[in-house]
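User: I would like to learn how to read the packing of helices in a model. Please start with the whole chain and then go to single pairs.

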Amino acid sequence: MFEKNDTKIYKFSNGATLIYRQDCETKTTKIASGFIAGAQKDIIPGTAHFLEHIMVSPRTAQKTFAKKYNVKTSGFTTYDFICFETTSLSKYLDSQMQILEEIVLCDDFDQKLIERERQAILIEDVLVLGKQNTIDSNYFETTNKNTGGEENIKKITSDYLKQYKDENFVAENFVMAITSDLSFKAIKQYAENIVNNLVSQPQKKNNFHQIKKKHDISYYVYKQSPFMKTVRVELSIKNDVIAEIANRNSIIDEYIFNSPTGLLHQKLRLENGYAYYAKLANTYGENNDNYKTFTIDTSKINVNKVLYALGEILKSMKNGLSTQQFEDFQNAMKANKEENNHESYLTSKNMFIDYVKKGYVVLDDPMDMVLNFSRDELNKYLHDAFLKKNIVLNIVGDMDLKTILRPTVIQNIFDTRPFRYLLMKGDKNYYFDTETNNFIDPALIKDNSVAFYKVVDSHGKLIVEKPNEIQEIKSFSIPKPFKFPKAQNDDEKQQ
């Protein structure tokens with residue numbers, strides 16, 4: 001017998017998975033369903049994303065019931081999976097399930113529909129290109145361009161879409177995550193109408209997400225944009241933690257850094273007036289890494305001041321919270337818990353993502369995990385998460401490149417792991433020795449103490465100073481050597 005808010009994972013005989021959670025707070029049934037596949041199984045880059053577009057396009061059932069009963073539908077694609085979301089009042093679940101069945105079992109690859117969606121995806125691709133990535137995806141894979149790019153989008157045909165569907169849309173890869181006030185027995189009966197139509201082919205079962213290990217490297221990146229009259233500083237700190245721990249930690253970060261009494265507002269706005277926007281956000285990479293990204297908007301004259309202030313904020317994590325500060329933290333978390341008690345972490349979408357990425361569902365509420373923290377545990381987290389880490393630093397906007405702090409100074413300010421060599425990434429990759437100010441043969445670098453250094457003007461060209469002499473490495477010309485500006489003041493010299 002199910003108690004209120006119980007959660008169950010049920011396996012059908014053909015290998016499909018149903019995740020159910022009873023939610024008696026509303027009279028709504030929410031479903032997140034789809035296949036463990038995604039962009040990792042693309043035939044041509046963008047195939048999975050293209051297929052998702054085709055499948056969620058309104059057909060007979062959706063056109064009939066969506067407006068009449070306000071059944072909401074949407075879909076999205078990631079590296080690991082394709083997901084379809086549907087929501088309706090539970091009394092209209094029969095209509096919702098007919099729409100979902102039409103989506104999941106879709107076998108209509110009408111050429112007119114394909115060409116229509118191709119045009120929409122090409123526009124989406126342009127919008128994706130226009131987004132500025134904080135972290136270079138070639139190294140961290142925090143974003144996966146599921147659209148595939150213009151060239152690939154134009155290549156995809158109905159045959160490729162059918163081939164992808166046949167190879168991946170089998171029962172063993174199908175997952176349904178459902179929250180509802182209806183009983184498990186009722187939900188299971190509805191789900192069977194879809195699941196029973198899926199073919200069981202165990203040999204086509206896809207594996208859960210595999211964590212990709214990366215080298216421990218710090219990166220230093222900035223771009224010059226003369227069209228901006230402000231400067232955006234973005235500092236990302238890499239943490240190796242699983243998603244549920246990252247979710248717990250983000251609650252702590254929100255209080256410590258982002259609240260009205262948090263460190264960013266206090267140190268960058270109230271005390272000094274260095275910035276007019278400052279926030280810490282937690283983002284997640286395709287390799288399950290967690291990136292704590294500080295985003296700060298400032299002016300040309302305050303860029304270096306912001307960097308120093310942010311460095312001091314991070315170094316204050318060494319001492320952690322005092323007894324009184326920890327007590328204030330606990331009281332604030334308890335109040336937060338009471339204010340949001342009606343909201344559940346175990347939504348259908350979260351349960352679906354948990355399962356298709358890891359093969360299990362986390363039942364612990366992140367807020368409850370935070371409330372169980374002792375002061376010593378909290379302070380250990382703050383110390384371990386922000387000090388001696390790998391970083392990515394982006395500085396974009398209207399600034400004078402000659403006055404920006406040197407990478408070696410940045411390293412000391414943020415107490416990052418040490419690096420000596422810089423990878424200057426332009427049309428080709430070049431390694432630069434920060435101690436000798438010379439370009440070197442990449443083959444000579446035997447360790448991981450390499451940083452990524454990118455200086456780009458508004459035309460996307462590598463900015464470097466006039467060379468003393470032209471050198472050659474492995475038969476290609478070295479660009480003009482970049483000389484780091486000398487320290488601008490006594491504080492910088494001390495660094």
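User: What is the accessible surface of the protein chain, and what share of it belongs to carbon and sulfur atoms?

Analyst: This is a predicted model. The accessible surface of the protein chain is about 24,200 Å², and carbon and sulfur atoms hold 47% of that area. Of the 495 residues, 50% count as buried.

User: How many helices and strands does the protein chain have?

Analyst: The secondary structure consists of 17 helices and 17 strands. As for contacts between residues at least 6 apart in sequence, 78% join residues at least 24 apart.

User: How should I describe a pair of packed helices?

Analyst: Two numbers describe such a pair: the angle between the axes and the distance between them. Take helix H3 (residues 93–104) and helix H8 (residues 184–195): their axes come within 9 Å and cross at roughly 30°. The angle makes H3 roughly parallel to H8, since angles under 35 degrees are classed that way. H3 passes H8 in a right-handed crossing.

User: Which residues of H3 and H8 meet?

Analyst: From H3 come Leu 93, Asp 94, Met 97, Leu 100, Glu 101 and Val 104; from H8 come Ile 187, Tyr 190, Ala 191, Asn 193 and Ile 194. By class, this contact of H3 with H8 has eight nonpolar, one polar and two charged residues. As for the spacing along a helix, an α-helix has 3.6 residues a turn, so residues three or four places apart point the same way.

User: Are H10 and H11 roughly parallel or roughly antiparallel?

Analyst: Helix H10 (residues 263–270) and helix H11 (residues 303–315) pack at an angle of about 150°, with axes 10 Å apart. The two are therefore roughly antiparallel to each other, the cut-off being over 145 degrees. Their crossing is right-handed. In H10, Leu 263, Leu 264, Lys 267 and Leu 268 meet Val 306, Ala 309, Leu 310 and Ile 313 of H11. The contact of H10 with H11 has seven nonpolar, no polar and one charged residues.

Terms used
Residues are numbered from 1 along each chain as its sequence is written. This is a predicted model: local features need pLDDT of at least 70, side-chain atom pairs count only at pLDDT 80 or more; totals for chains, interfaces and linings use all residues. Side-chain values use heavy atoms; hydrogens and water are left out. Axes are lines fitted to C-alpha atoms, for helices over the stretch in contact, and angles run from 0 to 180 degrees between N-to-C directions. Helices (H or I, at least four residues) and strands (E, at least two) are DSSP runs, numbered from the N terminus. Angles under 35 degrees count as roughly parallel, over 145 as roughly antiparallel, 65 to 115 as roughly perpendicular and the rest as oblique. A crossing is left-handed if the near helix is turned anticlockwise from the far one by less than a right angle, and right-handed if clockwise. Contact means heavy atoms within 4.5 Å. Ala, Val, Leu, Ile, Met, Phe, Trp, Tyr, Cys and Pro count as nonpolar, Asp, Glu, Lys and Arg as charged, and the others, Gly among them, as polar. Buried means under 20% relative accessible area, exposed over 50%, partly exposed in between (1.4 Å probe, protein chains only). Accessible areas come from the Shrake-Rupley method with a 1.4 Å probe; for residues, only the protein chains shown count as cover.
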